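User: I would like to learn how to read cavities and aromatic contacts in a protein model. Can we go through one example together?

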Amino acid sequence: MALGQSFEDTEVAEHYGYRPDYPADLFAKLYELSPQHHHALDLGCGPGKVARQICTVFDSVTAVDASEAMLTIAQNLQSNSEETDRTNIRWVHSPAETADFADHNFDLIVAAASIHWMDHTRLFPRLLAHVAGDYVFAVVDGDGAHHPPWQSEWGDFLGKWIFELTGQTYAPDNTDSAFAKKMKRHKDWLRLEGEASFEHTCTQTIDDFIRCQFSRDTFAPSKLGNRRGEFSEQLRRVVSPHADPMDVLTYRVLTRVEWGKIRTV
């Protein structure tokens with residue numbers, strides 16, 4: 001399976017809605033950082049978690065994703081009764097590296113939980129031709145449980161399943177691991193100017209927390225195959241002792257953003 005191909009699966013895209021939303025403080029920070037609010041670019045937009053928020057402030061938003069399934073959900077969400085006025089989003093079905101940016105010069109470029117999937121040697125030089133004079137490039141990460149009450153059991157669970165599905169060792173504290181290096185590759189292309197973190201609380205039923213995991217590339221249903229039921233039941237046993245009588249979990253989400261300018265190479 002090609003890198004990130006699981007996100008083209010309709011089932012993965014449908015489960016994406018079970019991921020926690022990004023906090024309002026994040027968007028306030030993005031608006032503050034952007035000197036102008038004319039054109040914004042959302043790279044790897046998925047179902048539009050960022051695009052459908054920033055379009056209320058920016059004159060236009062170009063939202064790019066390689067997954068047709070993701071864009072179908074994004075456009076359906078945009079068409080619902082609460083968002084019918086959000087018509088200033090241009091949805092582009094394409095890899096970010098070859099997307100049509102039209103003639104826009106972007107004041108804000110956002111890559112939320114997506115930049116590590118892209119070919120930076122092709123992407124960043126192209127973007128330099130489509131930036132406004134004092135633009136900002138923002139990398140956003142963090143839409144999962146952060147040190148939840150079940151952290152100890154969670155670490156054991158992730159270690160078991162990541163190894164069995166990928167052959168890789170789960171080592172979240174190892175800054176030299178292949179995963180950590182992949183998540184930091186974009187730093188070679190950016191002149192970073194700042195970073196911030198925002199913490200908020202998420203409440204979710206056990207069933208929805210399990211569904212959320214199926215939106216992650218590692219645990220995509222196509223990769224779990226006939227072990228999906230086993231995965232779900234083991235995860236249920238991990239989190240159930242921490243749920244309330246209505247099977248609702250409460251946990252923290254830590255969302256991070258770092259920003260800067262693209263280096264001229």
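Analyst: Start with how residues are sorted. Ala, Val, Leu, Ile, Met, Phe, Trp, Tyr, Cys and Pro count as nonpolar, Asp, Glu, Lys and Arg as charged, and the others, Gly among them, as polar. Keep in mind that this model is predicted.

User: How many nonpolar, polar and charged residues are in the lining of the largest cavity?

Analyst: The lining has six nonpolar, two polar and two charged residues. Among them are Tyr16, Tyr22, Asp42, Lys49 and Ala112. The space in this cavity is about 70 Å³, and the structure has one cavity of 30 Å³ or more.

User: How many aromatic pairs are there?

Analyst: Two rings pair if their centres lie within 6.5 Å. That rule gives 14 aromatic pairs. Trp150 is in the loop between β5 and α6, while Phe209 is in helix α8, 59 residues apart.

User: Are Trp150 and Phe209 buried or exposed?

Analyst: Both are buried.

User: Why is the pair of Trp154 and Phe209 called tilted?

Analyst: Planes under 30 degrees apart count as stacked and over 60 as edge-to-face. The planes of Trp154 and Phe209 are at 55 degrees, so the pair is tilted; the ring centres are 5.6 Å apart. Trp154 is in helix α6 and Phe209 in helix α8, so this pair ties together parts 55 residues apart in sequence.

User: Which charged end sits over the ring of Phe214?

Analyst: That of Arg228, 4.5 Å from the ring centre. Phe214 also belongs to a cluster linked by ring pairs, including Trp150, Trp154 and Phe209.

Terms used
Residues are numbered from 1 along each chain as its sequence is written. This is a predicted model: local features need pLDDT of at least 70, side-chain atom pairs count only at pLDDT 80 or more; totals for chains, interfaces and linings use all residues. Side-chain values use heavy atoms; hydrogens and water are left out. On a 1 Å grid over the protein atoms alone, a cavity is a set of points where a 1.4 Å probe fits but cannot get out, and a pocket is an open set with protein on both sides within 12 Å along at least five of seven lines; lining residues have an atom within 4 Å of a point. Grid points are joined across faces, edges and corners, and a volume is the space filled by probe spheres set on the points. Rings of Phe, Tyr and Trp (its six-membered ring) pair if their centres lie within 6.5 Å; planes under 30 degrees apart count as stacked, over 60 as edge-to-face and the rest as tilted. Helices (H or I, at least four residues) and strands (E, at least two) are DSSP runs, numbered from the N terminus. Buried means under 20% relative accessible area, exposed over 50%, partly exposed in between (1.4 Å probe, protein chains only). A charge sits over a ring if NZ of Lys or CZ of Arg is within 6 Å of the ring centre and within 35 degrees of the ring normal.
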